[in-house]
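Subject: Structure handover

Hello,

Please find the structure below, with the sequence alongside. My notes on it follow directly after.

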Amino acid sequence: MGSTLWATRPGDRRTVPVTSPDAPHGAVEGEKLSEVQRGPVATLRRIAFLMERQREESRRIEAFRKAARTILPLPEDEVRQRAEAGTLTDLAGIGPSTAAVITDAVNGVVPERLARLEKTAGPLATGGEELRARLRGDLHSHSDWSDGGSPLEEMAMTAMELGHDYLVLTDHSPRLRVANGLSAERLTRQLGVVDAVNEHLGGTFTLLKGIEVDILDDGSLDQTPEMLGRLDVRVASVHSKLRMDASAMTRRMVGAVRNPHTNVLGHCTGRLVTGNRGTRPQSQFDATAVFTACAEEGVAVEINSRPERRDPPTRLLELARDLGCLFSIDSDAHAPGQLDMLDFGAARATEAGIDPDRIVTTWERDRLLEWAARRL
Ligand SMILES: [Zn+2]
Ligand SMILES: [Zn+2]
């Protein structure tokens, strides 16, 4: 059975189809098909996914995602005819390289680009495979409602394909204007879309409602308590004044951890160790005080899987382990393929010898939700 998700893009009242997870193109039910057998949309999505997990340049990746969105609503026959006639590039959003991929897929040929990328498809990190297999979901992800690159439906679909039971959508809060943070009104609207997506998905996978809420200078959270209370999971992170002095930063972070709405302390040091945004030193704070508060409040310390962050640093990860904290291995994905970066976090947690039962993302959904709501 093929299914098409219908997306309402932020700020856009039109409904457009964005994803075709398993457009069958003559598929036999139950048979495991390659992307090419599943058709050009699946092929384009697979290429984009593999490029994203390799951290290729997002502008280049967007061409494949855009081409997938362009041909998804078209009848199969039209795509085939255009491939034969060489008129795919007449369509907005399709250029020569994406047209070549579509033409190959229509003809049942594995595009060379896909063949090359498939060679990179194994685990992104070694040492964490066993733990990675136990992870049931991810508590930190972004869609194009804030600074992510893809519609939330595409994020959900990819999380499903990765075998997750749940994904928490955590777009940014209002003060983070550079990231198009969501006002209470926009977040309310997003929650309606999340409900619609879950209805469509039918219950085996759940897109959970969340936020990555800014920790303001005084330790308060950048969203109303009413709004925070409507969400399933709340990740609280520092994004501004990362260099404030250590005692003020400690008060700020402890304040956020003590807030009963906070479930996860996101990328606690704010450092960047590699990547196109450059590097940034870690914030200075009394880590023993912050992690002790996390342990007392049952707030999970995030193991942020992004290679750019590797946050917390190993020394702090071990300190949080020794102080009895819970952990959450998160992707902080801003594109679907980045959801796969949990491999990195799983490897780091394994290396630090963290008991999997202290990692909340190994928990079943109901246990996770009970934990997240227990202080409200
Ligand atoms: Zn963040
Ligand atoms: Zn984030």
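The centres of domain 1 and domain 2 are 30 Å apart, taken over C-alpha atoms. The domain assignment of the protein places domain 1 at residues 5–118 and domain 2 at residues 129–373. Please keep in mind that this is a predicted model.

Helices α2 and α5

Helix α2 covers residues 40–53 and helix α5 covers residues 96–106; their axes come within 8 Å and cross at roughly 130°. That angle makes α2 oblique to α5. The crossing of these two helices is right-handed.

The sheet

There is an open sheet of seven strands, with parallel pairing and the order β3-β4-β5-β6-β7-β8-β9. Which strands stand at the edges? They are β3 (137–138) and β9, and each has a single partner strand, so one side of each has no neighbour in the sheet.

Strand β5 and its partners

Strand β5 runs over residues 206–214, and eight of its nine residues are buried, so the rest of the structure largely encloses it. Strand β4 (residues 166–169) pairs with β5 in the parallel sense, over four bridges. Within that pairing, V168 has L208 of β5 as its bridge partner. Strand β6 (residues 233–237) also runs parallel to β5, and five bridges join the two. Here G210 stands opposite V233 in β6, and E212 stands opposite V235 in β6.

Strand β9

How many residues of β9 are buried? The strand spans residues 326–330, and five of its five residues are buried. In a regular strand, side chains alternate between the two faces of the sheet. Both faces of β9 are covered: L326, S328 and D330 are buried on one side, and F327 and I329 are buried on the other. So although β9 stands at an edge of the sheet, with one side left without a neighbour there, both of its faces are covered.

The pairing of β9 is with strand β8 (residues 300–304), in the parallel sense and over five bridges. N304 stands opposite D330 in β9. Between the two strands the chain passes through helix α13 (residues 314–322), and this β-α-β crossover from β8 to β9 is right-handed.

Helix α8

Is helix α8 enclosed or open to the outside? Eight of the ten residues of α8 (residues 152–161) are buried, so the helix is largely enclosed by the rest of the structure. The buried residues in α8 are L152, E153, E154, M155, A156, M157, T158 and A159. Just after α8 comes G163, which takes a positive phi of about 90°.

R134

R134 is found in helix α7, which covers residues 129–134. With 14 other C-beta atoms within 10 Å, R134 is partly exposed; the cut-offs behind that are 20 or more for buried and 12 or fewer for exposed. The C-alpha atoms of R134 and D357 are separated by 9.9 Å. Along the chain, these two residues are 223 residues apart.

Regards

Note on methods
Residues are numbered from 1 along each chain as its sequence is written. Chains are lettered from A and ligands numbered from 1 in the order in which they are written. This is a predicted model: local features need pLDDT of at least 70, side-chain atom pairs count only at pLDDT 80 or more; totals for chains, interfaces and linings use all residues. Two strands pair if DSSP finds at least two bridges between them. A crossover is right-handed if, with the strands pointing away from the viewer, the path from the first strand over the helix to the second runs clockwise. Domain bounds come from an automatic or database domain assignment. Axes are lines fitted to C-alpha atoms, for helices over the stretch in contact, and angles run from 0 to 180 degrees between N-to-C directions. Angles under 35 degrees count as roughly parallel, over 145 as roughly antiparallel, 65 to 115 as roughly perpendicular and the rest as oblique. A crossing is left-handed if the near helix is turned anticlockwise from the far one by less than a right angle, and right-handed if clockwise.
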